[in-house]
Amino acid sequence: MTSLSNYSKFDHLYDSDEDSTDRIRDSSKTSDSSAGSVHVGTQDSLLREHPATGLNDGLGPRKMEVTKRGSEKGRFVFECDGRKIYEWDQNLEEVNIYIEKPPHLKSASQVICNITPTRLQLGLKMTTEQQWYLNHSTFSKIQKVESSWYINESEIHIILIKAHKGGTWDSPFKNSGGGDGKNPTAGSDVDPVTKTEIQRDMMLERFQEEHPGFDFRDATFNGAVPDPRTFMGGVSYG
C-alpha cells in the first residue's frame with residue numbers, strides 16, 4: 001500500500017452520489033489494526049485524518065518534521081504525524097511540488113488543480129461538495145499563466161513559476177500554524193543550514209546562466225552565501 005492510499009481524499013473515486021453513500025456505509029464497518037494499514041472510506045474524513053488539509057479542524061497540535069530529504073537529490077519532504085504529504089524543490093525560476101499518485105487515479109480528468117497568483121488548490125473531482133487535498137496560500141507570488149501541472153506514472157507534478165525570479169522560498173506554502181494547534185501548518189520552513197544550501201545552489205545556477213562559458217559546479221563561497229535574487233544588481237530576466 002502506497003502512502004497516498006492511506007489518504008481518504010485520494011483513495012476513492014466516486015462515480016455517483018449513490019455509490020458514494022454505499023462506500024461510506026461500508027467503510028464505517030472496516031478497520032485494521034495491522035501496522036501501516038489504514039482503511040478510510042470518505043473524503044470528508046480526510047479533514048481529520050490528513051494533517052495538511054484540515055486547516056481549521058481544531059484537533060490540536062501536530063508533530064512536525066522539517067527539512068527531511070526527499071527521494072531525489074535536491075528534494076525536501078513535508079510530513080505531518082509521520083505521513084508524507086508532498087516533496088518539493090526549487091530553482092531560480094520554479095518551485096516544484098511532487099505528490100505520490102493515488103492508486104485509483106486513472107487520468108488527469110479526475111483531478112482539479114487550481115493555480116492563482118497566490119494560492120494552490122488540488123483535489124479530486126467530486127459529485128458533491130468539493131474538498132481539497134491541498135488548499136493553501138503560496139509562500140510568494142507566482143505567474144499563473146506560466147505555471148502548470150501534469151501526471152506521470154508515479155506522481156502528480158505541480159510546477160509553480162516564481163513571480164520574482166531568484167527569490168528563495170522557505171516552503172511552498174505560507175506557514176499558517178501559529179503554534180496554537182488550531183491551524184496545522186501547510187508547510188514547514190526549511191532550517192537555516194538547508195536554506196543556505198538552497199541559496200548556494202541557486203546562486204551557482206545564476207552564475208552558470210549569466211556566464212555559460214564557465215563551469216561553476218565545484219565553486220564555493222567564502223563567507224555568507226549572497227541572495228541569488230539581489231546580488232550584484234539583481235538577477236537577470238533576459
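Author: Start with the rule. Rings of Phe, Tyr and Trp (its six-membered ring) pair if their centres lie within 6.5 Å; planes under 30 degrees apart are stacked, over 60 edge-to-face, and the rest tilted. By this rule there are eight aromatic pairs. One of them is F139 with W169, a tilted pair at 6.1 Å between centres and 40° between planes.

A word on the source. This is a predicted model, where local features need pLDDT of at least 70 and side-chain atom pairs pLDDT 80 or more, while totals for chains, interfaces and linings use all residues. Residues are numbered from 1 along each chain as its sequence is written, and side-chain values use heavy atoms, without hydrogens or water.

Helices (H or I, at least four residues) and strands (E, at least two) are DSSP runs numbered from the N terminus.

Buried means under 20% relative accessible area, exposed over 50%, partly exposed in between (1.4 Å probe, protein chains only). F139 is partly exposed, because its relative accessibility is 27%. W169 is buried, at 3%.

Now D170, which lies in the loop between β9 and α4. D170 is buried too, at 14%. Its contacts (heavy atoms within 4.5 Å) include F139 of the pair, along with W88 and K195, leaving out residues up to four places away in sequence.

F207, F214, F216, F221 and F231 make up one aromatic cluster. R75 lies over the face of Y98, 3.5 Å from the ring centre. Here CZ of Arg, or NZ of Lys, must be within 6 Å of the ring centre and within 35 degrees of the ring normal.

E87 touches both R75 and Y98. E87 is in strand β3 and is buried, at 4% relative accessibility. Its side chain makes polar contacts with the side chains of S71 (2.9 Å) and K84 (3.3 Å).

How values were computed: A polar contact is a pair of N or O atoms within 3.5 Å; within protein, one must be able to donate a hydrogen and the other to accept it, and residues adjacent in sequence count only if both atoms are side-chain atoms.
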